[in-house]
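Q: Please take a close look at one part of this model, the place where the two chains meet. What is it made of?

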Amino acid sequence: MIVLAHKQLILTILLIGLGTYLMRAVPLLIAISMGRRERTGVSGQRGNRIVSTSLSLVGPAIISALLALSLVPAGPASNFVEHLIRNVIAAAIVCVVAARWRHVGLTVLTGIVSYWLVSLFL
Amino acid sequence: MTPSQSANRESSFAGVRASLPLVLGYVPAAMAFGAASRQAGLSVGETVLTSLVIYAGASQFALIGLVAASAPLAATVSTSLLLNVRHVLYGPTVATRLPKLRRPTAAVLAFALTDEVFALTSMLGKDRSFSARWMLALEAVTYGSWLGGTFIGVVAGDQFLTEFPSLRDAVGFALPALFISLIVPPLMVPSRDATPTTRWRTWVAVAVASAVGIGLHVAGMGGWTVLIAGVVGPLTGELAGQFAISRNAE
């Protein structure tokens with residue numbers, strides 16, 4: 001049951017919202033400024049090439065980390081193995097569809113349906 | 001309609017189409033949040049404000065948990081923000097995809113730069129419809145679906161999904177499926193201009209980030225998990241790439 005005063009709760013929500021926005025916006029704005037300086041030849045070239053290739057790896061790394069975490073079941077330890085097997089089987093089916101058709105919508109729908117079908121048996 | 005207006009419209013439609021798989025995952029999660037928030041004692045207005053202002057699933061759920069447990073304001077704010085700290089990595093990657101992005105537009109796009117929007121944006125190939133307008137359309141629809149789902153959850157609860165738990169779990173698999181759809185095709189069928197070194201670098205980054213993420217998650221690192229994995233993975237991949245280049249040069 002909530003005991004936090006209304007005004008304090010609103011303040012909490014606004015602070016978290018502001019902090020989240022700044023974490024998203026500030027690095028983006030800084031990166032845009034740095035990119036502009038690079039295009040005008042102000043910054044060094046080799047260092048920027050390494051940063052650029054490293055940044056190209058951030059997307060796949062973050063996505064794979066998020067995927068790995070989403071496949072590790074939350075909830076009671078008694079169902080852990082069962083959920084994990086369900087996740088792995090459904091993920092394997094989804095991987096095949098993703099590699100074969102390369103269609104985001106089809107892959108997501110396959111994920112929902114395959115998970116549901118697997119959960120009927122496991 | 002002029003050619004540029006036509007291109008802009010096409011770009012917006014493409015962004016809306018791209019958002020649909022994300023909507024499939026967002027609506028049930030938002031409904032669950034809305035229902036849980038009401039159960040924790042937040043009002044309709046406070047719940048909707050949370051989704052309106054924060055727009056980050058993990059920290060929103062953490063917020064209502066901490067509020068229900070009467071945690072102090074400082075602990076609630078810092079814990080919720082810690083869960084979002086990985087977002088600092090998203091902006092620089094998006095900036096490489098949209099090099100001509102203007103600052104006012106960037107300031108708007110940054111608000112809705114969630115995990116899934118980032119994932120979709122960062123993994124796109126050389127799609128000519130990819131633009132700031134595309135991203136704005138994508139974010140507008142996904143944000144709208146998050147707000148709509150929250151409102152439905154607040155008003156109607158998530159009883160439908162609760163009565164069909166297998167359906168709820170299945171719908172919950174939409175987001176892992178989305179991540180797979182973004183990561184597997186480039187790994188299994190790389191683009192024509194990807195060199196062996198590039199592919200090797202990417203595989204190493206992905207493998208290390210996954211392993212580090214799982215390890216830190218099991219160790220209970222909480223909000224730092226994805227951030228650390230998102231830094232260690234690319235650094236390791238880059239080192240592996242440099243090592244491969246120097247070996248080939250010998």
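A: The account below goes from the interface as a whole to single residues.

This is a predicted model, in which local features need pLDDT of at least 70 and side-chain atom pairs count only at pLDDT 80 or more, while totals for chains, interfaces and linings use all residues. Residues are numbered from 1 along each chain as its sequence is written, chains are lettered from A in the order in which they are written, and side-chain values use heavy atoms, without hydrogens and water.

Chain B brings 86 residues to the contact and chain A brings 69 residues, where contact means heavy atoms within 4.5 Å. Between them the chains bury about 6800 Å², with 77% of it on carbon and sulfur atoms; buried area is the accessible area (1.4 Å probe) lost by two parts on being put together, summed over both. B:Leu73, B:Arg103 and B:Phe173 supply 9% of the area that chain B buries against chain A, more than any other three residues. Helix H11 (residues 174-188) of chain B gives the largest share of the side of chain B that touches chain A, 12 residues; helices are DSSP runs (H or I, at least four residues) numbered from the N terminus.

One residue of chain B can be followed across to chain A. B:Ser210 sits in helix H12 (residues 196-218) of chain B. Leaving aside neighbours within four places in sequence, B:Ser210 is in contact with A:Ser64 and A:Ala68.

Notes:
Helix = DSSP H or I, 4+ residues; strand = E, 2+ residues; numbered from the N terminus.
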